[in-house]
Amino acid sequence: LPGWTVVGPEISWLRSECMSPPKATFLQSLASGAFHLALTVARVLLAVCGVLVGSLYRSVCRNMRLQRVEVKELSLPLLAARLTDLPYQVDTEEEIAAGINSLLNDPKLLHFQEQELMQTHAVWYLVEANDPQSESERALFLVFRGTKSPTDAIADIMFRPEAGPNGIRCHGGFLRTVMNDTNLLKTLQELPSDKSLYIMGHSLGGALSQTIVGAGLLPATFTGRLTVVSLGGPVAFFGDLKLEMLPEVAAAARVLSIVNANDIVPRLLGCPLSFSRTVLKLFAANASSRQQRRNEAILDTLEKYVGFPQEELLFLHKKTVYSVQCCDRKSVLHLAEALHPRAIADHLTYVKAMEDAAGAPHWCALTA
């Protein structure tokens, strides 16, 4: 070719490069990658085995100390499970009114809040009925539905803490959900000051119930008996929370948290995340130091969430309800307990679990 000088040795070298088999370095790189992947998987499996062994050990130790709750004491948890399941089953005000007629004595539906498209508030309803603990008196029941829509899911994942009106730091998504609901805030301020009040919810609804009370959204004039029931709900407060930091009405409230077997949701906040840290370090080993610090900060934030200091924890397991002491709380709520095939199913079956434990007949809003 004009302007090109090609010599025999260069042509021979080019032919040898094009026709030679792949270099050994490529095979070595492939083998090295496969080895490191297999090593990572082996480490994860080893960590899982360690977690399962630890979970078994914790279960044996705690089961020796758990106190069984008598069936006669399950009337309130059973009622709460059914009331909080109602807005999952039906969608209209008329259906809610029909459902509560089968659960409460002489009920009157005062308000039902639906969730319109693009609105950030939760679904809830307020009922006045005879007090189940004192039939001669009237009580109010404020009931929140849990996660069922994209709006609810967005609130769940906004876990960055924010300060409530009284300065107590709460889960940001939970706090915004109640603070942005003008109908809810107005209803709370208009509550009768002397009637007993039950605030309850399942999943997200349980967290919202806690947030209302802990963030100081109840009127200062409220002097009635207050009971909060959370079924499968995560804790809602961030950092060190002491009884003297709470509003007077919140400090005097009875707070009941109910966890069904291997339910994962109440174990996502405020629980030991050692297994998550181990897995994250294995799969993010090559991440930048800045990204690793961010990952650690996220896990630290999740671990620092807490519930009410006076909270009573009830643990549902194999058709039996147990009362959990403070010393066993972390062992029961360890995230490793949710490494189970029923981790999601247990979150969705609180009514059946409570009915089985209480020996009660099956209830359904559509057939009640």
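**Exercise 1. Helix H3 against helix H4**

Task: In this predicted model, work out how H3 and H4 are oriented to each other, and which residues make the contact.

Solution. 
- Step 1. Take the axes of H3 and H4 (residues 93-101): they come within 10 Å and cross at roughly 155°.
- Step 2. Apply the cut-off: an angle over 145 degrees counts as roughly antiparallel. H3 and H4 are therefore roughly antiparallel to each other.
- Step 3. Assign the hand: the crossing of H3 past H4 is right-handed.
- Step 4. List the contact: H3 contributes Leu83, Leu86 and Pro87, and H4 contributes Ile96, Gly99 and Ile100.
- Step 5. Sort these residues by class: five are nonpolar, one is polar and none is charged.

**Exercise 2. Helix H3 against helix H13**

Task: Describe the packing of H3 (residues 75-89) on H13 (residues 350-358), and find a salt bridge between the side chains of Glu355 and Arg82.

Solution. 
- Step 1. The axes of H3 and H13 come within 9 Å, and the crossing angle is roughly 155°. This angle makes H3 roughly antiparallel to H13.
- Step 2. The hand of the crossing of H3 past H13 is left-handed.
- Step 3. On the H3 side the contact residues are Pro77, Leu78, Ala81, Arg82 and Asp85; on the H13 side they are Tyr350, Val351, Met354, Glu355 and Ala358.
- Step 4. By class, the contact of H3 with H13 has seven nonpolar, no polar and three charged residues.
- Step 5. Side chains of opposite charge can pair when their charged atoms come close. Here Glu355 and Arg82 form a salt bridge, with 3.2 Å from N to O.

**Exercise 3. Helix H6 against helix H8**

Task: Determine the orientation of H6 (residues 172-179) relative to H8, and classify the contact residues.

Solution. 
- Step 1. The two helices pack at an angle of about 75°, and their axes are 9 Å apart.
- Step 2. Angles of 65 to 115 degrees count as roughly perpendicular. H6 is thus roughly perpendicular to H8.
- Step 3. Phe174, Leu175, Thr177 and Val178 of H6 meet Leu204, Ala207, Leu208, Thr211 and Ile212 of H8.
- Step 4. The contact of H6 with H8 holds seven nonpolar residues, two polar and no charged.

**Exercise 4. Strands S1, S12 and S13**

Task: Trace the pairing from S1 through S13 to S12, and describe the turn of the hairpin.

Solution. 
- Step 1. S1 and S13 (residues 320-324) run antiparallel, joined by two bridges. Arg68 is opposite Tyr322 of S13.
- Step 2. S12 (residues 312-317) is also antiparallel to S13, over five bridges. Leu314 is opposite Ser323 of S13.
- Step 3. Two residues separate S12 from S13 in a hairpin, and Lys318 in the turn has a positive phi of about 55°.

Conventions:
Residues are numbered from 1 along each chain as its sequence is written. This is a predicted model: local features need pLDDT of at least 70, side-chain atom pairs count only at pLDDT 80 or more; totals for chains, interfaces and linings use all residues. Side-chain values use heavy atoms; hydrogens and water are left out. Axes are lines fitted to C-alpha atoms, for helices over the stretch in contact, and angles run from 0 to 180 degrees between N-to-C directions. Helices (H or I, at least four residues) and strands (E, at least two) are DSSP runs, numbered from the N terminus. Angles under 35 degrees count as roughly parallel, over 145 as roughly antiparallel, 65 to 115 as roughly perpendicular and the rest as oblique. A crossing is left-handed if the near helix is turned anticlockwise from the far one by less than a right angle, and right-handed if clockwise. Contact means heavy atoms within 4.5 Å. Ala, Val, Leu, Ile, Met, Phe, Trp, Tyr, Cys and Pro count as nonpolar, Asp, Glu, Lys and Arg as charged, and the others, Gly among them, as polar. Two strands pair if DSSP finds at least two bridges between them. A salt bridge is a side-chain nitrogen of Lys or Arg within 4 Å of a carboxyl oxygen of Asp or Glu.
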